[in-house]
Amino acid sequence: MTSRAVLRARAPLRVSFAGGGTDVAPFPAMEGGVVLSSTINRYAYATLRPRDDGNVTVRSLDYGESVDFGVDDPVVFDGRLDLPKAAIARVRLLHDALPSSGFDLFLHTNAPPGSGLGSSSAVVVNVLGLIPMGGIIASVITCIWFVAAPAVVAERLGPIPALVRRAALTSGRP
């Protein structure tokens, strides 16, 4: 086995103050929607360790589960760690995006599942960020968000105090 770097990722969890659910289809298509939220000092963590046998193992400390499949095997959505498997399957759609040698993926969050702190989204961000081509995609999406989101937020916030509007436009920017 060749020595390769172990990759780690951390994405913040968040708390929503208003508008939760208005950004989930089909609501925004019919009514429009905006969510006011902020990150907190709790995180989702992921570690990717390359392997040489063409297999993928996903382990979740939070759920106490693990799933195994071959890099080229169809992903089976059976209720066991379906979210990270879906992110892996999505990256697989890109030509040569998934490491063909395989990898182990370890997941953990600072909040219990179902806490409402956005741990599912943070897990997906971590998975996309750790898989080589997925990391490029996540970076592009982040750049688009920081460029486009303030205008979208300002357009959707409507008649609210200017101070709140300015805070929404400047929060979260690097």
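A residue counts as buried under 20% relative accessible area, as exposed over 50%, and as partly exposed in between (1.4 Å probe, protein chains only). By that criterion K85, at 3% relative accessibility, is buried. The structure is a predicted model, in which local features need pLDDT of at least 70 and side-chain atom pairs count only at pLDDT 80 or more, while totals for chains, interfaces and linings use all residues. Residues are numbered from 1 along each chain as its sequence is written, and side-chain values use heavy atoms, with hydrogens and water left out.

**Overall architecture**

- The protein has 5 helices and 5 strands; helices (H or I, at least four residues) and strands (E, at least two) are DSSP runs, numbered from the N terminus.
- Read from the N terminus, the order of the elements is β-α-β-β-β-α-β-α-α-α.
- The protein comprises 174 residues, of which 32% count as buried.
- Its accessible surface is about 10600 Å², and carbon and sulfur atoms contribute 60% of that area; accessible areas come from the Shrake-Rupley method with a 1.4 Å probe, and for residues only the protein chains shown count as cover.
- Among contacts (heavy atoms within 4.5 Å) with a separation of 6 or more, 63% are between residues 24 or more positions apart.

**Strand β3 and its partners**

- Strands are taken to pair if DSSP finds at least two bridges between them.
- Strand β3 (residues 55-60) runs antiparallel to β4, and 6 bridges join the two.
- Within this pairing, S60 has E65 of β4 as its bridge partner.
- The hairpin of β3 and β4 has 4 residues between the strands, and G64 in this hairpin adopts a positive phi near 65 degrees.
- Strand β3 also pairs with β5 (residues 102-109), in the parallel sense and over 6 bridges.
- Here R59 stands opposite F106 of β5.
- T57 lies in strand β3 and is buried, with a relative accessible area of 3%.
- Beyond its neighbours within four places in sequence, T57 is in contact with R51, V67, D68, F103, D104 and L105.

**Salt bridges**

- The structure holds 6 salt bridges, each defined as a side-chain nitrogen of Lys or Arg within 4 Å of a carboxyl oxygen of Asp or Glu.
- R51 forms a salt bridge with D104 (2.6 Å, N to O).
- This pair links distant parts of the chain, with D104 in strand β5 and R51 in the loop between β2 (36-50) and β3, 53 residues apart.
- Both D104 and R51 are buried, the relative accessible area of R51 being 17%.
- R51 also meets D53 in a salt bridge (2.7 Å, N to O), and D53 is partly exposed at 45% relative accessible area.
- The side chains of K85 and D78 form a further salt bridge (2.9 Å, N to O); D78 is partly exposed, with a relative accessible area of 43%.
- Through shared partners, salt bridges join R49, R51, D53 and D104 into one network.

- L81 is found in the loop between β4 (65-70) and α2 (82-92).
- Its phi is near 55 degrees, a positive value in a residue other than glycine.
- L81 counts as buried because its relative accessibility is 8%.
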